[in-house]
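Here is a friendly walk through one protein model, meant for someone meeting it for the first time. Take a look at the sequence and the structure before reading on.

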Amino acid sequence: MTDATTAARWRAAILAAVLVAGGGGYWLGQRGTDEMASEAAGSDGGKVLYYYDPMFPNQKFDKPGKSPFMDMQLVAKYADEGGAAPGVAVDPSARQSLGIRAVAAEMGSLAATLDVTGTVDFNQRDVAIVQARSGGFVERVYRLAPGDVIGAGAPIADLQLPEWGSAQTEYLSVKRLGRPDLTAAARQRLRLMGMPEVVIAQVDRSGRTGGTVTVRAPIGGVVQTLGARAGVTLAEGQTLAEISGLGTVWLNAALPEAQAGTVQVGQRANAKLTAFPGESFGGRVVAILPTAAADSRTLTVRIELANRGGRLRPGMFASVALGGDAKPALLVPSEAVIRTGTRTIVMLEMGDGRYHPAEVETGREGGGKTEILRGLAAGEKVVVSGQFLLDSEASLTGIAVRPLDGAK
């Protein structure tokens, strides 16, 4: 074989190798391009819109790669995902293992019952002030002290009132004249001096003056103050004693200001006291004081209770159930409500194994039920078991919460 032939053969082999390498490179390049196009289109032919970290779904990236937040790969978001029904999809076997359960929101009746605490106090409308109707001095004080419980008509002190004695002497003198008009005028003068009718009648019967008068309690109750002391000189209008009645008492309950709109004057209330276990004392709200306590952010609700036998003593502690009339409302189980701090949501069962979060506005609570004011319609099903897991999944995948005005 000649050198020329050998050289020709080498040139042909080299050209064939170049062609094979070029063809292989083109095929590899074409294959890589197809793979990238396939990845861009998605496993099911969808187009990739962006990439995201499931832990931070609101942050979007143009290219695949590793998440800057977590040690994980970014996930592709495809265009055709929007065509599927929104929500968290859970297959039947997973629903059973997770114990996901849903019930329908329904109209019902919910009484506005609110449990608060309070203390018993005197009824400040049932107070009697005993005063000296004329100047004089105290002859005798009956055995009393502040804090004593006395009955109506109990004697407090014997007073010597010289002005009363002079007026009674004048009255008897006019009466002897036999002039009815003058007698009536003199009798009226005794009344204007504050002399009780029983004292005037006694002067009429006996025909004798009595400058000494016994002051008695006008009502039964507790002696709060006692200013009468034996030998003390009195001025007209001076206070001898102050008595607080015990026929009824006030129960001052601390109501959180957030619940101020749920209580009204005239509303019924039931109190239970630790001093009387097993007993309940009924009453009604007589006032809601106009100022709130700055430290506790509470309003004072004044409840009047009957105090039969004087068993309820000021200072006693009580738990109070404030109950209103039952009103129709859209109700869901209280465990279905998720409070995030910024808003309140429920997880809706959409059908076909899908669940979607919806924002709601809640109202009253009671008996394991919560009133829904906005954001939900009767018949819509809410998840009452496994809802927190579904809410977490919805947050991770960036599912938008249905707004309040999005209900049926």
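The notes below cover a helix pair, a barrel, some hairpins and one glycine.

## Ground rules

This is a predicted model, in which local features need pLDDT of at least 70 and side-chain atom pairs count only at pLDDT 80 or more, while totals for chains, interfaces and linings use all residues. Residues are numbered from 1 along each chain as its sequence is written, and side-chain values use heavy atoms, leaving out hydrogens and water.

Helices (H or I, at least four residues) and strands (E, at least two) are DSSP runs, numbered from the N terminus.

## Two packed helices

Let's begin with helix H4 (residues 180–192) and helix H5 (residues 197–206), which pack at an angle of about 140 degrees with their axes 10 Å apart. That makes H4 oblique to H5 (under 35 degrees counts as roughly parallel, over 145 as roughly antiparallel, 65 to 115 as roughly perpendicular, and the rest as oblique). The axes here are lines fitted to C-alpha atoms over the stretch in contact, with angles running from 0 to 180 degrees between N-to-C directions.

Who meets whom? On the H4 side there are Arg187, Leu190 and Arg191, and on the H5 side Glu197, Ile200 and Asp204; contact means heavy atoms within 4.5 Å. Sorted by class, this contact has two nonpolar, no polar and four charged residues (Ala, Val, Leu, Ile, Met, Phe, Trp, Tyr, Cys and Pro count as nonpolar, Asp, Glu, Lys and Arg as charged, and the others, Gly among them, as polar).

## The barrel

Six strands make a closed barrel, in the order E7-E16-E19-E18-E17-E20, with antiparallel pairing. From one strand to the next, the twist averages 40 degrees. Strands pair if DSSP finds at least two bridges between them.

To zoom in on one pair, E17 (residues 268–273) and E20 (residues 317–323) run antiparallel and are joined by six bridges. Ala269 has Leu322 in E20 as its bridge partner.

## Hairpins and a buried glycine

E22 (residues 338–339) is joined to E23 by two bridges, again antiparallel. Their hairpin has four residues between the strands, and Gly341 there takes a positive phi near 105 degrees. E23 is also joined to E24, by seven bridges, in a hairpin with two residues between the strands.

Gly353 sits in the loop between E23 (344–351) and E24 (354–366). Is Gly353 buried or exposed? Gly353 is buried, at 11% relative accessible area (buried is under 20%, exposed over 50%, partly exposed in between, with a 1.4 Å probe and protein chains only). Beyond its neighbours within four places in sequence, Gly353 is in contact with Val88, Ala89, Val90 and Arg95. Gly353 and Arg95 are 258 residues apart in sequence, yet 8.1 Å apart in space, C-alpha to C-alpha.
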